[in-house]
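Have the sequence and the model side by side before reading on. The paragraphs below go through selected helix contacts and the nonpolar cores.

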Amino acid sequence: MTPIPFYDSLFQYRNAYLIGLVNTVVSSFSAIIIGAILGVAIGIAVTYGNKYVKIPLRLLIDIIRGIPGLVIIFSIYYFLDAIMMMHGMRLSLMAAGIIALSITNAAQIAELTRGALQAIPNGQIEAGRAIGLRFWQIILYILMPQALVQMLPPWVNSATETVKGSTLLSLIGVSQLLLVTQQMIATNNQALKYYIFIGVVFFVLNTFIEMVGKAFEKRLKTV
């Protein structure tokens with residue numbers, strides 16, 4: 001069979017690539033947002049909670065950060081799917097992927113949050129109490145704005161790693177860019193061109209994240 005020219009194949013399978021791109025963006029950015037919310041909450045709890053909160057969460061963070069992302073993806077998919085099957089339901093591939101990526105991202109963000117909060121002098125908390133602020137108000141209005149400035153650069157790096165980590169979802173069958181590309185290569189032996197193409201797509205996505213992060217960082221420093 002005569003191979004289809006590369007650009008013709010991209011046009012011919014544009015719908016598959018569009019679906020793959022949408023799934024990649026949805027899974028990545030969902031995990032980034034969910035992971036950030038959970039990670040900040042866990043980071044605050046680890047920093048200021050009592051020992052009954054700190055020790056289990058600290059252990060959980062270390063375990064998650066020490067396990068490869070692929071193992072977490074498979075574990076979440078097969079474990080949660082087995083539980084849901086007992087109740088007559090099935091876990092979708094996309095949901096499993098988002099949960100796994102969110103858990104991995106949350107562990108990273110929790111550690112970033114803990115480090116940033118611990119770097120802030122304790123006098124900031126005492127000053128907040130002196131003017132009558134409650135603890136959650138001190139966290140929200142005094143500590144977190146300062147922590148965000150320190151957290152943002154490594155958080156952007158974590159976000160870009162999440163986007164790249166979304167390629168692992170192809171191994172459980174999520175129709176994202178890497179899986180679509182592998183399917184195209186199987187029918188049209190032009191692997192290098194396809195991989196360069198999705199490499200450019202991921203570069204654009206991560207460049208966008210970095211630009212947003214730098215703009216937000218600049219905004220925080222001027223506030």
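The model is predicted, and local features are taken from parts with pLDDT of at least 70.

Two packed helices are described by the angle between their axes and the distance between the axes. For helix α4 (residues 69-86) and helix α5 (residues 93-118), the axes come within 9 Å and cross at roughly 130 degrees. This angle makes α4 oblique to α5, since angles over 145 degrees would be needed to count as roughly antiparallel. The α4 and α5 crossing is right-handed. On the α4 side the contact is formed by Ile 72, Ile 73, Ile 76, Tyr 77 and Leu 80, and on the α5 side by Leu 93, Ala 96, Ile 99, Ala 100, Ile 103 and Thr 104. Sorted by class, the contact of α4 with α5 consists of 10 nonpolar residues and one polar residue, with no charged residues.

Helix α5 also packs against α2, at an angle of about 40 degrees and with the axes 5 Å apart. Roughly parallel would require an angle under 35 degrees, and α2 and α5 are therefore oblique to each other. Their crossing is right-handed. In the contact of α2 with α5 there are 18 nonpolar, 11 polar and one charged residue.

In soluble globular proteins, nonpolar side chains tend to be buried together. The largest nonpolar core of this model has 18 residues, and Tyr 17, Val 163, Tyr 194 and Ile 209 have the most contacts inside it. At least two residues of this core come from each of α1 (6-12), α2 (14-48), α7 (135-165), α8 (177-187) and α9 (191-222). The most is given by α9, with six residues. Which residues does Ile 209 touch, not counting residues up to four places away in sequence? They are Phe 29, Ile 32, Val 156, Ala 159, Thr 160 and Val 163.

Is Tyr 78 buried or exposed? Tyr 78 is exposed, because its relative accessible area is 55% and the cut-off for exposed is over 50%. Tyr 78 lies 94 residues from Ile 172 in sequence, while their C-alpha atoms are 9.7 Å apart in space.

How values were computed:
Residues numbered from 1 in each chain as written. Predicted model: local features only at pLDDT ≥ 70, side-chain atom pairs only at ≥ 80, totals over all residues. Heavy atoms only, no water. Axes fitted to C-alpha atoms, helices over the stretch in contact; angles between N-to-C directions. Helix = DSSP H or I, 4+ residues; strand = E, 2+ residues; numbered from the N terminus. Parallel < 35°, antiparallel > 145°, perpendicular 65-115°, else oblique. Left-handed = near helix turned anticlockwise from the far one by under 90°. Contact = heavy atoms within 4.5 Å. Nonpolar A, V, L, I, M, F, W, Y, C, P; charged D, E, K, R; others polar. Core = buried A, V, L, I, M, F, W, Y, C linked by side-chain atoms within 4.5 Å. Buried < 20%, exposed > 50% of the residue type's maximum accessible area, 1.4 Å probe, protein only.
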